[in-house]
Amino acid sequence: MVNYTLTASSPLNGLSRGNESFHIEEVSKGFLYSLACHQNSMADLTSYLKKQKLALPEVGQLSAIEGCNAFSSGRDQWFIRTDEENPAFLEKIREDLKEKVGITDQTDAWVQLRLSGPAVREKLERLCPLDLHPDVFAIDNIARTTMEHLNVIILRENKNIYTLMSARSSAKSFKHMFS
Amino acid sequence: MTQGNRLSGALIDSENPVAFRFNNKTYYGYEGDTLASALLANGVKFVGRSFKYHRPRGVFSAGSEEPNALVTLREGAYSEPNVRATVAEIYEGLVAKSQNHMGSLENDFLAVNDLLSPILSAGFYYKTFMWPAAFWEKLYEPVIRRAAGLGELSQLEDPDVYDKGFLHCDLLVTGSGPSGLMAALTAARAGLRVILADEDFLMGGRLNSERHDIDGKSSVAWVDEVLTELESFENVRLMKRTTVYGAYDHGVYGALERVSDHVKEGSGDVRQILWRIYSKRSILAAGSIERSMAFGNNDRPGIMMAGAVRAYANRWGVATGQRVSIFTNNDSGWQVAWDLHHQGMNVVAIIDSRENTTMSAPENVETFLNTKVVDTKGRKGLKSITLSTGKVISTDCLAVSGGWSPAVHLTCHQRGRPEWKADIAGFIPGGELPVGMSVVGAANGAMTLEACLKEGLAQGNEIVEELGFSLSKTSLPKATDETFATSSYWYVKESVKRAWIDLQNDITAKDIKLSHQEGFRSVEHLKRYTTLGMATDQGKTSNMLGLALMADVEGKTIPEVGTTIFRPPYSPVSIGALAGRSKAKDFRPTRRPPSHAWAEEQGAVFVESGAWLRAQWYPKDGETHWRQSVDREAAAVRNSVGVCDVSTLGKIDIQGKDAAEYLNRLYANGFAKLAIGKTRYGIMLREDGMLMDDGTTARLAEHHFLMTTTTANAVSVFRHMEFCKQCLWPDLEVQIISTTEQYAQYAVAGPNSRTLLEKIIDPEFSISNEAFPFMGCGNVTICGGIKARLFRISFSGELAYEIAVPARYGDSLIRVLMAAGESFDITPYGTEALNVLRIEKGHATGNELNGQTTAENLGMGKMVSRKKDCIGNILSQRENLMKDGDVSLVGFKPLNAADTLKAGAHFIPVDLNNVAANDQGWMTSVAYSPSLESSIGLGFIRSGHQRIGETVRAVDLLTKSDILVEICSPHFVDPEGERLRG
């Protein structure tokens, strides 16, 4: 019996601030996994996910089912985000597809900030080199880019809701972008 | 609140007076005034001293081209020197002062320079201050800089906040005069995403400064209507106070928006924003800039550009003089007279250098054709002018128009060369323009109103069609083309007195001639020799004059002489804006390992390691020197147990049925037969056979490995592996991903490490020496079920483990380890102690793996397997890399234990001189070893392994250190490795 307990902490301690026009909130719940498809297994993976009603998204696109979404993160590689209610989703894929896929836990590697409000694009144009005009960066679009020298993944989840992901170790610098 | 020179009917808000101070005196202006217009309204004409001769100078222009009226705005840390009063908006409480004078502006001691002008010509400094050379930096330069120059910095940290941003559009229109507005309107109506930017705070360009009718209404009313419509479009962004300062590749433009320069300092969220604008097309509608003419004493306060006199009267309601005279070589000078007359100003004379003109003057204005101004009087304010006929006219303001130069600057930023257009006596855009750029209006040589509107409409429509939009039904507004006849007249040769070419740099016609005489005849040489066209105005009002004069003395035409290259920025950009928010500790992102907050609580001293901030040592109360802390920490690891955050090491997850083969090809040593649950040290070579990186790789499952890299090479090794995977061996079934950030990893090292870990690892996992031997690895759970990875590896040479948990538990785990280790007096150790421990053990790091060393050099030649291929294998066997007598890594200790070794010292045989020819190697790493109670070192020396026991000199000429050292084994502590296997 071990007499010590470990407690989890999020990179920005649950940051939440802002007002009606712009709000920023750390996404500290849920899980994030990388899913890599080994050679000649694409069809199996696609068909398997189709049964789960989750399409493998094209580069730059987000596909989603209830409690889970996915986007491409590299060649034959995707990031799968699940909410806290859905922890076993990836474990089940691992069990079912075994050697056909490679899965790694990335939940703790990233800090995620959800930006929302009518002024969100105005804030982002001071940080993000990408064109975020709604006609160009539509809902369910994602992209990798750099902001203030940090690697960032940006996802547009709704009209005025964007999620930004960056490396956990530089979370404070990431937060500084919005100061 | 008397503003004696204020007229009515202007574009200022006369309901809102504004108080400001200039040279400690309070004045009043109105909202909409610039500092220049407000000072002129108050009768202040003398606002500064010239750069070199300290001549009294006044406001010369009404825009960003201003060469004279440079002031220091604001006070203390907020102060900013060299601000052009002509673009500085006044606000309540604004403080401004003149600059470049010793004593008051009125009584400047350094005005004595003007008397010395006969010897202070161009090139004077180069010729005079040559001997003795040592005096230049210590005496000559400081004195010259004190006597000549512009404003002074506060030397305080800039308290303002600056930012950067990114904008995207279909069409960027630069300039909001008639052609720019027309183009923007046409494109906006068609649905293009349009950005209209103007450096002014009031859009409309010259339509605000001149009197015209458009579509049967005043041009000002037309501007209002167009701007109102543009503002109503969602697809349009109007950016006033924004200077598009540079044209870069692929339709990218730099723009500086002065967000809060016009309000009380410190009251805006951000002072300025540096925008990067990505455009599909751009239209340059930057207008044209009026230039002067050179004649005797043409620099007195009260001598101004004619267009500026017109703008002050029309836009700001300011009479720049009570008796205004005009000296022109073109029709616009006459138009100025009519506008001034309309505003009720007293125009006394028009002097035109041309023999004839179609223009007429208002009633009671004396006109002189084929006549020039040859001299002026009035040291601190113009009093009279002398004409070439000998006639003297009493006047307090001389409006000069030497013609108009299209503002082609941005068209040249990618080396476009402008072309001469004789009918306007000016250069228009030529050669290859920046991609996607077109030019309209006066910037394109269209000097009249209707032509400007027509070009704006036509170009707007052309771009609409090019980008696949449908044309809007925009028609050409009704306007008339004013006359613009001009002549190519630049310099009044009859003038005996000094005739200024470049007011900002105090360049006279004589200086241009001297430059020619001394052989500096190319325009680029002329610029460097005389400084013509340098500083804040970049010669906007003077360059043409200089070129024309050089052409004259060379006997060439102006286009034959050519122009200098215009480069960004168009007008000054503050360094703060270039830095944006990247300053001080936020200059670059900082990476913090999981234990950072805890380490801060302990008072750790941190060191930057790449982007990482790592604990260097943890001082305890009473420790006054870093060595005390580091010695204690290293000793604690040897004697009990220490803990160190090693999360910064690169961690790369490798999966797939070919993962082992992939590693086999990457690493020089074999990995195919590594057993599951085992870890192996590996070295990676570059293609050229040199050592690239080292680290351990653990086999977690048959097809699952975890590699660690050095902290420094984490990214480059991953990039190398991606390249190998995707380009060299795409047939291998393998996937890689970085998990560096995912795990918090701690080294727990020392004889008590196992006992400590047993207190937190769940009891179902045994870590006894038998169950978990040296180089073992595996998954465990700790603290009641938290998943962790455990590796029995040792960098210190002690019994040691590295334990990894998901990063969310990183902070908690360091606290738990410290609590659980309390009974062992557990000691956190930083990178310094880590270094001491590894040097004692003879382990290499970046100092030894410096990109110039091989496995052979490091004594690891046998690790490069000849039974398999790997990257770098063949080239590592090059003859020169394998030869006998090459350097090898060994240990060094001083013969005198009290001596301190120096990293970087070179090894010289005892009986030879310390010259390069006798250099046998160098010291890579040194430390004080608490175990040996001596300074020790690692280093490369020729045939090192065959020379154990030999004495050489370690010579460091930088610190003048020359120490006798003994060559020894690099393994100072536990050479047999009994401790780490125990």
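1. A salt bridge is taken here as a side-chain nitrogen of Lys or Arg within 4 Å of a carboxyl oxygen of Asp or Glu. Arg354(B) and Asp331(B) make one, with their closest N and O atoms 2.8 Å apart. This pair connects distant parts of the chain: Arg354(B) sits in the loop between strand E19 (347–352) and strand E20 (366–369) of chain B, and Asp331(B) in the loop between strand E18 (324–328) and helix H8 (332–342) of chain B, 23 residues apart. Both Arg354(B) and Asp331(B) are buried; buried means under 20% relative accessible area, exposed means over 50%, and partly exposed lies in between (1.4 Å probe, protein chains only).

2. On the basis of the model: it is predicted, local features need pLDDT of at least 70, side-chain atom pairs count only at pLDDT 80 or more, and totals for chains, interfaces and linings use all residues. Residues are numbered from 1 along each chain as its sequence is written, chains are lettered from A and ligands numbered from 1 in the order in which they are written, and side-chain values use heavy atoms, with hydrogens and water left out. Helices (H or I, at least four residues) and strands (E, at least two) are DSSP runs, numbered from the N terminus.

3. Over all chains, the structure holds 59 salt bridges. One of them joins the side chains of Arg241(B) and Glu89(B), at 2.7 Å from N to O. Here too distant parts of the chain are linked: Arg241(B) lies in the loop between strand E12 (236–239) and strand E13 (242–247) of chain B, while Glu89(B) lies in the loop between strand E6 (80–84) and strand E7 (94–98) of chain B, 152 residues apart. Arg241(B) and Glu89(B) are both buried.

4. Glu366(B) and Lys391(B) also meet through their side chains in a salt bridge, at 3.8 Å from N to O. Glu366(B) is in strand E20 of chain B and Lys391(B) in the loop between strand E22 (384–387) and strand E23 (392–394) of chain B, a separation of 25 residues. Glu366(B) counts as partly exposed because its relative accessible area is 39%. Lys391(B) is partly exposed as well, at 33% relative accessibility. Elsewhere, salt bridges that share partners join Arg55(B), Arg57(B), Asp114(B), Asp299(B), Arg379(B), Arg498(B) and Asp506(B) into one network.

5. Strands E21, E22 and E23 of chain B form an open antiparallel sheet in that order; two strands pair if DSSP finds at least two bridges between them. Its edges are strand E21 (373–377) and E23 of chain B, each pairing on one side only. Direction ignored, neighbouring strands of this sheet are turned by 25° against each other on average; the axes are lines fitted to C-alpha atoms, for helices over the stretch in contact, and angles run from 0 to 180 degrees between N-to-C directions. E22(B) and E23(B) are joined by 3 bridges, and Ile385(B) stands opposite Ile393(B) in E23(B).

6. A second open sheet has 6 strands of chain B in the order E40-E41-E42-E39-E33-E43, with mixed pairing. Strand E40 (777–782) and strand E43 (827–828) of chain B are at its edges. Strand E33 (residues 642–645) of chain B runs parallel to E43(B), with 2 bridges between them, and Gly642(B) has Thr827(B) as its bridge partner. Helix H20 (residues 810–820) of chain B lies across E33, strand E39 (743–749), E40, strand E42 (800–806) and E43 of chain B, at about 20° to E39(B).

7. Strand E3 (residues 46–49) and strand E4 (residues 56–58) of chain B pair in the antiparallel sense over 3 bridges. Phe46(B) has Gly58(B) in E4(B) as its bridge partner. The two strands form a hairpin with 6 residues between them, and His54(B) in the turn has a positive phi of about 55°.

8. Asp919(B) is in the loop between strand E45 (906–909) and strand E46 (921–929) of chain B. With a relative accessible area of 22%, Asp919(B) is partly exposed. Its C-alpha atom is separated by 6.4 Å from that of His906(B), 13 residues apart along the chain. Leaving aside neighbours within four places in sequence, Asp919(B) is in contact with His906(B), Phe907(B), Ile908(B) and Arg942(B); contact means heavy atoms within 4.5 Å.
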